[in-house]
Amino acid sequence: MIALIQRVSQAKVSVEEQVVGEIGQGLLILLGIEKEDNQAKADRLIEKVLNYRLFSDTEGKMNLNVQQIDGEVLIVSQFTLAADTQKGLRPSFSNGASPMLANELYHYFTQQCAKKIKTATGQFAADMQVSLTNDGPVTFWLQV
């Protein structure tokens with residue numbers, strides 16, 4: 001399971017020109033689900049994402065996590081994160097989870113996050129437009 005996390009001052013996701021999820025300061029989480037993923041991996045990734053220290057403390061050092069700054073998260077499914085790009089000029093998606101498993105784990109991930117922090121989401125398998133203001137910019141790839 002992969003999370004590409006971006007520290008944002010604001011982010012939103014739209015489907016068919018309608019905003020379906022929006023946050024202020026916090027994290028945009030692009031979530032990629034692979035075929036070997038399960039709820040235990042999702043739990044580990046949630047713990048890592050929500051506790052990852054990428055917000056500045058009073059001394060300007062990245063010592064605070066999204067929960068400590070009372071931030072929010074916007075979770076958007078992104079199957080392309082599971083792509084194998086090692087060979088050729090076309091990505092392979094053979095590592096990606098089946099749509100059924102990915103949908104199940106995406107919803108599990110979002111529900112578990114919502115128990116801990118204010119959470120907004122995209123729409124699974126939809127053609128989404130994501131806009132954000134990357135704060136920093138600060139972007140990290142986390143994988144379990």
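Biologist: What makes the pair of the E34 backbone nitrogen and the D37 side chain a polar contact?

Modeller: The backbone nitrogen of E34 lies 2.6 Å from a polar atom of the D37 side chain. A polar contact is a pair of N or O atoms within 3.5 Å, where, within protein, one must be able to donate a hydrogen and the other to accept it, and residues adjacent in sequence count only if both atoms are side-chain atoms; the pair at 2.6 Å therefore qualifies. The D37 side chain also has a polar atom 2.7 Å from the backbone nitrogen of M1. A word on the source: this is a predicted model, where local features need pLDDT of at least 70 and side-chain atom pairs count only at pLDDT 80 or more, while totals for chains, interfaces and linings use all residues. Residues are numbered from 1 along each chain as its sequence is written, and side-chain values use heavy atoms, with hydrogens and water left out.

Biologist: Is D37 buried or exposed, and why?

Modeller: The relative accessible area of D37 is 5%. Buried means under 20%, exposed over 50% and partly exposed in between (1.4 Å probe, protein chains only), so D37 is buried. Beyond its neighbours within four places in sequence, D37 is in contact (heavy atoms within 4.5 Å) with M1, G32, L101 and L105.

Biologist: And where does D37 lie?

Modeller: D37 belongs to the loop between β3 (26-32) and α1 (39-51). Those names come from DSSP runs numbered from the N terminus: helices are H or I with at least four residues, strands E with at least two. The protein has two helices and eight strands, in the order β-β-β-α-β-β-β-α-β-β.

Biologist: Why does Y52 get its accessibility label?

Modeller: Y52 has 27% relative accessibility, so it counts as partly exposed. This residue sits in the loop between α1 and β4 (55-56). Leaving aside neighbours within four places, its contacts are I5, L64, N65, V66, F140 and L142.

Biologist: Why are D70 and A125 called exposed?

Modeller: D70 has a relative accessible area of 69%, which is why it is exposed; A125 is exposed at 69% too. D70 is in the loop between β5 (62-64) and β6, and A125 in the loop between β7 (118-121) and β8. Phi is near 60° for D70, positive in a residue other than glycine, and about 65° for A125, again not a glycine.

Biologist: What makes the peptide bond from G136 to P137 worth a look?

Modeller: That bond is cis, with omega near 0°, and P137 is in strand β8.

Biologist: What lines the largest pocket?

Modeller: The largest pocket holds about 370 Å³ of space. Of its 20 lining residues, S77, Q78, F79, T80 and A125 are the closest to the centre. A pocket is found on a 1 Å grid over the protein atoms alone, as an open set of points where a 1.4 Å probe fits, with protein on both sides within 12 Å along at least five of seven lines; lining residues have an atom within 4 Å of a point. β3 gives the largest share of the lining, three residues.

Biologist: Why does the overall size agree with a compact globule?

Modeller: A compact globule of 144 residues would have a radius of gyration near 15 Å, and the protein has 15 Å, so the two agree. The radius is taken over C-alpha atoms, and the globule rule is 2.2 Å times the number of residues to the power 0.38.

Definitions and conventions:
Grid points are joined across faces, edges and corners, and a volume is the space filled by probe spheres set on the points.
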